[in-house]
Amino acid sequence: MSLVNKIKFELAKIYYPYKIKKTVATYKGRVYVGGKSYVTNNTHLGSNVCFNGMEISGNGIVTIGDNFHSGPGCQIITSFHNYEGNQIPYDDTFLDKDVSIGDNVWLGNNVIVLGGVTIGEGAIIQAGSVVCMDVPECAIAGGHPAKTFKYRNKEHYYKLKEEKKFH
């Protein structure tokens, strides 16, 4: 890596967390940002949140719990064109829907989460998935639309949680 790229990388590690913290409605603690990321002022972050390239858009409220991690290219979209309005294919109004993401959730690369969704604590979303339905706690889900295909070993998960072994 060239010196110029190293400097850009180091500045980005300072700039993006600062920008995120200045924009969100609330955050509880450490916010790590490893790539270009954007949030809205309707975003509420827990502690130890890790964005590696996250784009949150729309007017809905987004609540993200503690120890959240996302891969690059993830999106949370909370506003949608109104296709049942006064024009077709849609009018100039929007429908806003909130998103709630529990503690210890991991989104793989390029995951899209649509408004109106709750992702339960400890869930893992497979890379490239589109989440348009609720995902239960400790579920592993993936696809278009994302569907639960497996569960974490809950006994192991809650043991690690009790021992406070967070990444």
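**Exercise 1.** Determine whether Tyr15 is buried, partly exposed or exposed.

*Solution.* The classes come first: buried means under 20% relative accessible area, exposed over 50%, and partly exposed in between (1.4 Å probe, protein chains only). Tyr15 has a relative accessibility of 43% and therefore counts as partly exposed. Tyr16, with a relative accessible area of 12%, is buried.

The structure is a predicted model, in which local features need pLDDT of at least 70 and side-chain atom pairs count only at pLDDT 80 or more, while totals for chains, interfaces and linings use all residues. Residues are numbered from 1 along each chain as its sequence is written, and side-chain values use heavy atoms, with hydrogens and water left out.

**Exercise 2.** State how many aromatic pairs there are, and describe the pair of Phe51 and Phe68.

*Solution.* Rings of Phe, Tyr and Trp (its six-membered ring) pair if their centres lie within 6.5 Å; planes under 30 degrees apart count as stacked, over 60 as edge-to-face and the rest as tilted. The count by this rule is three aromatic pairs. One of them joins Tyr15 and Tyr16, edge-to-face, at 5.0 Å centre to centre with 70 degrees between the planes. Phe51 and Phe68 are also edge-to-face, with 5.9 Å between centres and 80 degrees between the planes. Phe51 belongs to strand S4 (residues 49-51) and Phe68 to the loop between strand S6 (62-64) and strand S7 (69-70), so the pair ties together parts that are 17 residues apart in sequence. Strands (E, at least two residues) and helices (H or I, at least four) are DSSP runs, numbered from the N terminus. Both Phe51 and Phe68 are buried.

**Exercise 3.** Describe the surroundings of Asn104 and identify which residue its side chain joins in a polar contact.

*Solution.* Asn104 sits in the loop between strand S11 (99-101) and strand S12 (106-107). Its relative accessibility is 11%, so Asn104 counts as buried. A polar contact is a pair of N or O atoms within 3.5 Å; within protein, one must be able to donate a hydrogen and the other to accept it, and residues adjacent in sequence count only if both atoms are side-chain atoms. Such a contact, of 2.8 Å, joins the side chains of Asn104 and Tyr157.

**Exercise 4.** Identify which residue in S18 is the bridge partner of Gly142.

*Solution.* Two strands pair if DSSP finds at least two bridges between them. Strands S17 (residues 139-142) and S18 (residues 147-151) run antiparallel and are joined by four bridges. The partner of Gly142 is Lys147. S17 and S18 form a hairpin with four residues between them, and Gly143 in the turn has a positive phi of about 105 degrees.
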